[in-house]
Amino acid sequence: MPLRSLENSSSMSSTFLLSGIPGLEHMHIWISIPLCFIYTVSILGNCTIIFIIKTEPSLHEPMYLFLSMLALTDLGLSLCTLPTVLGIFWAGARDIGHDACFAQLFFIHCLSFLESSVLLSMAFDRFVAICRPLHYASILTNTVIGRIGLAALGRSVALIVPLPFMLKRFPYCGSPVLSHSYCLHQEVMKLACADIRANSVYGMFVIVSTVGIDSLLILFSYALILRTVLSIASRAERLKALNTCVSHICAVLLFYTPMIGLSIIHRFGKQAPHLVQVILGFVYLLFPPLMNPIVYSVKTKQIRDRVTQTFCS
């Protein structure tokens, strides 16, 4: 065997090394306290939303059924990253096997794109409620909502399933250090000792066909909503109609802003400080599951009243 092949094979790594916050390793145990608080609030908040919608018959309406899908997706995202993030900050456990890493990135990306689909579905719900109010009940039946949910899940799974297999065929040599406390496709593929153009092209295709199309359709939905709202004569009715969209707009901004920013940095921002990537990565995966239940509890009267009744009775 040639000497170069022997050197490469000897440097092959069977594990990846996850990273915490660079330069602050001595403070990881203290940083774990707010992280643990964020995870606790996220999990309890989303479980509360799901429980309230499931047990309150008056909330078995399209808007709240989509909200329960969003909460379930956020709950899954929190549970996907919790073991590795807290493992690093609590115990310094940085090692993760290849198969475990590929499984984690599958669930992270699948749930992220599923959340994008759910946000698009919620935009469609607001469009029908405001622009076609007389047909709302006949268009968004339980059967239609179920099919929308299954289609969203099917699209996410179908697009993400190839990624672990595409990564598994690569040899990994050299430094096995990842930039985040969890595995992402765009990070792992850069560690491969092989041509990764196919992965890069397919990854871009997945982002454009999910986040790209979904975000454009959401913008289009709100353009139609705004046109309809501006045609309403009463100022009070205009404000009432727009107020029903505030929570969803907040959820859209919380999700898409850090996600698009992180994708741009990973692909084009090679000169960006490493700390910016790490912090944006935490914002991308931790803040939507944390803030969505809070935003909907504060801005949606039915949810707020039911939460108050549940915890104060």
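Asp-305 is partly exposed in this predicted model, at 36% relative accessibility. Its side chain meets that of Lys-301 in a salt bridge, with N and O 2.7 Å apart. That pair is a handy way into the structure, which holds six salt bridges.

**Salt bridges**

- Let's stay with Asp-305 and Lys-301 for a moment: both sit in helix 13, which covers residues 301-312. They are four residues apart, or about one turn of the helix.
- Another bridge joins Asp-125 and Arg-126, whose closest N and O atoms are 2.9 Å apart. Asp-125 is tucked away, since its relative accessible area of 2% falls under the 20% cut-off for buried. Arg-126 is buried too, with a relative accessible area of 7%.
- Then there's the bridge between the side chains of Asp-214 and Arg-155, at 2.6 Å from N to O. This one ties together distant parts of the chain: Asp-214 belongs to helix 9 (residues 197-230), Arg-155 to helix 6, and 59 residues separate the two.
- Is Asp-214 buried or exposed? Asp-214 counts as buried, at 1% relative accessibility.
- Arg-155, for its part, is partly exposed, with a relative accessible area of 25%.

**Helix 3 and helix 6**

- As a bit of background, two packed helices are described by the angle between their axes and the distance between the axes.
- Here, helix 3 runs over residues 62-91 and helix 6 over residues 142-160. Their axes come within 11 Å and cross at roughly 25°.
- The cut-off for roughly parallel is an angle under 35 degrees, so helix 3 and helix 6 are roughly parallel to each other. Their crossing is right-handed.
- Which residues meet in this pairing? Helix 3 brings Pro-62, Leu-65, Phe-66 and Met-69, while helix 6 brings Asn-142, Ile-145, Ile-148 and Gly-149.
- Sorted by type, the residues of this contact come out as six nonpolar, two polar and no charged.

**Residues in helix 4**

- Ser-117 is part of helix 4, which spans residues 98-131. With a relative accessible area of 5%, Ser-117 is buried.
- If you skip residues up to four places away in sequence, Ser-117 touches Ala-152, Arg-155, Ser-156 and Asp-214.
- Setting aside neighbours within four places in sequence, Leu-120 is in contact with Asp-214, Leu-217 and Ile-218.
- Leu-120 and Ser-221 are 101 residues apart along the chain, yet their C-alpha atoms are separated by 8.9 Å.

**Val-206 in helix 9**

- Val-206 lies in helix 9, the helix that also holds Asp-214.
- Val-206 is buried, with a relative accessible area of 2%.
- What does Val-206 contact, leaving aside neighbours within four places in sequence? The list is Phe-113, Leu-159, Ile-160 and Val-211.

Notes: Residues are numbered from 1 along each chain as its sequence is written. This is a predicted model: local features need pLDDT of at least 70, side-chain atom pairs count only at pLDDT 80 or more; totals for chains, interfaces and linings use all residues. Side-chain values use heavy atoms; hydrogens and water are left out. Axes are lines fitted to C-alpha atoms, for helices over the stretch in contact, and angles run from 0 to 180 degrees between N-to-C directions. Angles under 35 degrees count as roughly parallel, over 145 as roughly antiparallel, 65 to 115 as roughly perpendicular and the rest as oblique. A crossing is left-handed if the near helix is turned anticlockwise from the far one by less than a right angle, and right-handed if clockwise. Contact means heavy atoms within 4.5 Å. Ala, Val, Leu, Ile, Met, Phe, Trp, Tyr, Cys and Pro count as nonpolar, Asp, Glu, Lys and Arg as charged, and the others, Gly among them, as polar. A salt bridge is a side-chain nitrogen of Lys or Arg within 4 Å of a carboxyl oxygen of Asp or Glu. Buried means under 20% relative accessible area, exposed over 50%, partly exposed in between (1.4 Å probe, protein chains only).
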